[in-house]
Amino acid sequence: MSGRFSEGVMREAMREIAVGLGVPSEDAQLLRLTNNAVFALPSSGIVIRIARTHQLRGRVVKVVRLAHWFADIDGPTIRLAPGVEQPVEVGTLAASVWEYLLAGSPTPTVEDLGRVLREFHSLGLPPFPLPAWDPVADARRRLADADGLGESDRDFLVQWCDRLEPQLVALRQRTEQRLIHGDAHVSNLLSGPSGRTVLCDFDATCVGPWQVDLVAVAVGERRFGRTGAHETLAAAYGQDVASDPSWPLLREARELKMIVAAVPHLAGSEQVTAEFNRRLQSIREDDQGAGWTPFADLTTPAKKAVTP
């Protein structure tokens, strides 16, 4: 990413937040450097999560508000760090601070995801407004914040958005709207100290068709080669999204998100750019069997800790 949101800038912001909280940052571990810079501070028992683009900073406010509500109703979710006024602002950046959970045993599974999602979808809606599920609007915001995106690729992605938008509006109008996580996969599950499996990362949480939360695993199996995951999720949740009449449209919306997610980061990583080009080419050629590599595997080394 460009200098405005580089790793060095994020590390400096993390240190400034730690100073403000009165905690040390010498043992800080970078866990993720994608849409958010996520740092674990093990000795302080916290995780600092900094939004890396001004276009998405409003999500930090939403996530904090949701986290307070989840705590009030004992939802199956990670908790904010206690005693910290949030969101935390550092310069023009916004951050949230969470409890730190060590990777536990057993590791959360796709079966756990199905059970947790079933509980999550039964929570009802919070007593404050949430955005509607709108992957096209999200894609357009990322395109507006793009560095290093070629004109031909931009035109293709804009035309894809234009084609999908009316179809997704019609889908929302004909389906029951529920609280949805928006990015439901095993990497967004954590094991708490009590053994309870909880969800994390609520950037995409919104109101929309419940089927959306079952799509990530199904598409991930197709694109990332995770054999058996979709069948396990369907059995644990009690529904098979691939048999839903809206499956082709839901799959395409997910793939748009999986490609456009890289757009703000193209200027800073040759590996991400190569993977972005590979994904986009497979869509241009309608190659539904083409294998993809998770962006996180290209930009973040493996860590022993887990994070929201």
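I began with helix α1, residues 7-21, which lies across β1, β2, β3 (46-51), β4 and β5 (93-99). I noted that α1 runs at about 130° to β3. This is a predicted model, and I keep that in mind throughout.

Next I looked up helix α2, residues 58-72. I found α2 packed on the sheet, touching β3 and β5. Its direction makes about 25° with that of β5.

Then I turned to the sheet. In what order do the five strands stand? I read β1-β2-β3-β5-β4, an open sheet with antiparallel pairing. I marked β1 (29-33) and β4 (88-90) as the edge strands, since each pairs on one side only. Neighbouring strands are turned by 25° against each other on average, direction ignored.

I went through the pairings. A reminder to myself: strands of a sheet pair through backbone hydrogen bonds.
- β1 and β2 (residues 36-41) pair over four bridges. I found Val38 in β2 as the bridge partner of Arg32.
- β2 and β3 pair over six bridges. Here Ile50 in β3 is the bridge partner of Ala37.
- β3 and β5 pair over five bridges. Glu99 in β5 is the bridge partner of Ile46.

I also checked the turn between β2 and β3. These two strands form a hairpin with four residues between them. Gly45 in the turn has a positive phi of about 70°.

Last, I asked about β3: why is it largely enclosed by the rest of the structure? Six of its six residues are buried, so the strand is largely enclosed. Buried means under 20% relative accessible area. I saw Ile46, Ile48 and Ile50 buried on one side. Val47, Arg49 and Ala51 are buried on the other, so both faces of β3 are covered.

Technical notes:
Residues are numbered from 1 along each chain as its sequence is written. This is a predicted model: local features need pLDDT of at least 70, side-chain atom pairs count only at pLDDT 80 or more; totals for chains, interfaces and linings use all residues. Side-chain values use heavy atoms; hydrogens and water are left out. Two strands pair if DSSP finds at least two bridges between them. Axes are lines fitted to C-alpha atoms, for helices over the stretch in contact, and angles run from 0 to 180 degrees between N-to-C directions. Contact means heavy atoms within 4.5 Å. Buried means under 20% relative accessible area, exposed over 50%, partly exposed in between (1.4 Å probe, protein chains only).
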